Amino acid sequence: MIGVVGHRDLVADEIPQIRVAVRRVLQRLRDDNPDVPLRLLCSMAAGADLLVAEVAAEIGISIIALLPYARRLCRDDLQSERDRSSFDRLCDSSEVVELELPDSSKADDGEMAGEQREGRLQRAGSLIARYSGVMIAIWNGVDTDHRAGTARAVEFRRRGVMPTDDLVVAPRDVLLSPQDDDLNFEIRCSRSSQPNSGGLVVRGFTGTDSHGGEELPRRLRTTFARLAAFNRDVEAFSDKIARQGRRLSQPSPTPVPQTLQYLDRLFSAADWMGSYYRRCFTRALKARYGLWAVMAFLLITFKKESTGKLAIFAIIGVLAVFLFGTLLAMWAHRRSWHRKYLDYRALAEALRVDFFWEVAGVRKEFDGEFAHESFLQKQDVELQWIRNAMRAVSLQLAIRPSGDFAKGFPFVYAAWVGDDDLVNGTGQMLYYRQRLQTLKRKLHNSERIDRALLFGGLVLALAFALDVALRSRSVYLLPEYLRGWMLWALALLPVYAAIFEIYLNEKADRALIRQYRYMYSLFSFAAGELRAAATNERKLEILRSLGHACLAEHAQWILAHRDKRIQGMRW
């Protein structure tokens, strides 16, 4: 999402240069990222807004016209017939959204002036600053006291802080939250009302880790690359996702709002692909440690038979295992199985939280709060794409509220929190209980195999110790042919036990069990609190806290396991 804010009173002599700079950056973003559909978010005001919107329309970028009030009144704000004609043409070809305000702030359209007009303009500016992946700011760089001016939007973009107002959407706890969405493309220009402001300067990309220039910043390139990969994966697996993907919504005779349908489809795709890539990573791990086991066998064979054809075959086999292991590591890295598993799993969880918050009314109760505002802030530039994807979803929910759901809370309680009864249970409590039982059973069986390998090696060692002791008295307990095979097994079994233990640690089932146990207890506690809650406000507060706890736990998981990858054959 590309936002735009800027002055209305641009200097005529600078407009051609501004247009060239805007076209250059928009074409670069479009041409470098063909798999990411770009959208422009602007208020269609005179000056900078209409200029950028015209350029975007010319090069095929779709537009969301975020109008601060009724379209007719926005058109009346325009002073020239040329601007009005451009406004009409652009709105006819754009997705037009007229912002809604709380009921207490509504007034007759004919009286849109003064405080209310400023409030609506301020809200539009804060939404653009809040939900844009990159924001084009065409301004003179001078701070003002104007409540709804460009300077306020740029300030909100940089600091996350806006003047206190009931109409402004601002994240909670923002003073302690570093801004990760502060990337702007700045064009410093003059104003007709302030002609001596320094002339035109294209500063380029500015933000926390960008200090000017028109070269795309690394974090922006990474974000686009990850979004493009996600879009390609969704397209590639669309049939399987449609058949096998889980949905958050339930079949209902009541039409589901389009924004929730959109969110639900994204969740289904992210959830299915997260599970798919986890299976891919697990299979790759099994293959890698299987190759380790084969290499151990070949090396011990070479140790036993270091001459002749068997030795040659053993060395060729070792080289082949090295080759296959290297190719497996390269393929796993190229396909990004583990990264995609973690990323898509995190995205699915954030979408789940946003969906149930929206249905229950949490977002409405807590001033437009969304999951992305507290999720994965500044931890890793490669995770920024998840927050950008969530920001796009949050924008749809912000500009198209889904309304009040008569049975929102009962549905959320059943579908999200649920009950852990194995027969009639629902929701996350049932999911985590079932997954805990399955993982515990698999881990128990795996640990039994590991212990059996170690015990087998111990038994063989004791047998050899006894045989050596008896041979000192000329008593031969083990025949020579059997002794050779047992010696081979004694060398292999402890090595196989060690390989299997490393595999179990790499697979991280023990850590996953700890996480699932925590999540199960979290939802169990939330269920009890929700049943005891006497007021709707208390229930919404519990659901909000539950969502934040889920996001925090998944953020810790993704950061703890992000550096894990399939390595080549190394000992």
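Modeller: Happy to! Helices here are DSSP runs of H or I with at least four residues, strands are E runs of at least two, and both are numbered from the N terminus. Please keep in mind that this is a predicted model.

Biologist: Good to know. How many helices and strands does the protein chain have?

Modeller: Counted that way, the protein chain has 18 helices and 8 strands.

Biologist: And what percentage of the residues count as buried?

Modeller: The cut-off for buried is under 20% relative accessible area. The protein chain has 571 residues. Among contacts with a separation of 6 or more, 74% join residues 24 or more positions apart. The share of residues that count as buried is 51%.

Biologist: Let's look inside, then. Which residues touch the most other members of the largest nonpolar core?

Modeller: In soluble globular proteins, nonpolar side chains tend to be buried together. The largest nonpolar core here holds 134 residues, and those touching the most other members are Leu26, Leu40, Met44, Ile138 and Trp416.

Biologist: What is the C-alpha to C-alpha distance between Gly408 and Trp357?

Modeller: Gly408 lies in helix H14, residues 408-417. Its relative accessibility is 3%, so Gly408 counts as buried. Gly408 and Trp357 are 51 residues apart in sequence, and their distance in space is 9.6 Å.

Biologist: Now strand S1. Why is S1 described as largely enclosed by the rest of the structure?

Modeller: In a regular strand the side chains alternate between the two faces of the sheet. Ile2, Val4 and Gly6 point one way from S1, Gly3 and Val5 point the other way, and all are buried. S1 is largely enclosed because the buried residues number 5 of the 5.

Biologist: Which residue in S2 is the bridge partner of Ile2?

Modeller: S1 runs parallel to strand S2, residues 39-42, and 2 bridges join them. The partner of Ile2 in S2 is Leu40.

Biologist: How much space lies in the second largest cavity?

Modeller: Searching the whole structure gives 2 cavities of 30 Å³ or more. Lining residues of the second largest cavity include Arg278, Phe281, His338, Ala508 and Trp557. H9 gives the most to this lining, with 4 residues. The space in this cavity is about 90 Å³.

Biologist: Ala508 has a positive phi. Is Ala508 buried or exposed?

Modeller: Most residues other than glycine have a negative phi, and most peptide bonds are trans. Ala508 has a phi of about 65 degrees and is found in the loop between H16 and H17. Its relative accessible area is 8%, so Ala508 is buried.

Biologist: Where is Ser336 placed?

Modeller: Ser336 also has a positive phi, about 55 degrees, although it is not a glycine. Its place is in the loop between helix H10 (309-335) and H11.

Biologist: One last one: is Ala242 buried or exposed?

Modeller: Ala242 is found in helix H8, residues 238-244. The C-alpha atoms of Ala242 and Ala269 are separated by 8.4 Å. With a relative accessible area of 66%, Ala242 is exposed.

Methods:
Residues numbered from 1 in each chain as written. Predicted model: local features only at pLDDT ≥ 70, side-chain atom pairs only at ≥ 80, totals over all residues. Heavy atoms only, no water. Core = buried A, V, L, I, M, F, W, Y, C linked by side-chain atoms within 4.5 Å. Buried < 20%, exposed > 50% of the residue type's maximum accessible area, 1.4 Å probe, protein only. Pairing = 2+ DSSP bridges. 1 Å grid on protein atoms, 1.4 Å probe; cavity = no way out; pocket = protein on both sides within 12 Å on 5 of 7 lines; lining within 4 Å. Points joined across faces, edges and corners; volume = space filled by probe spheres on them. Contact = heavy atoms within 4.5 Å.
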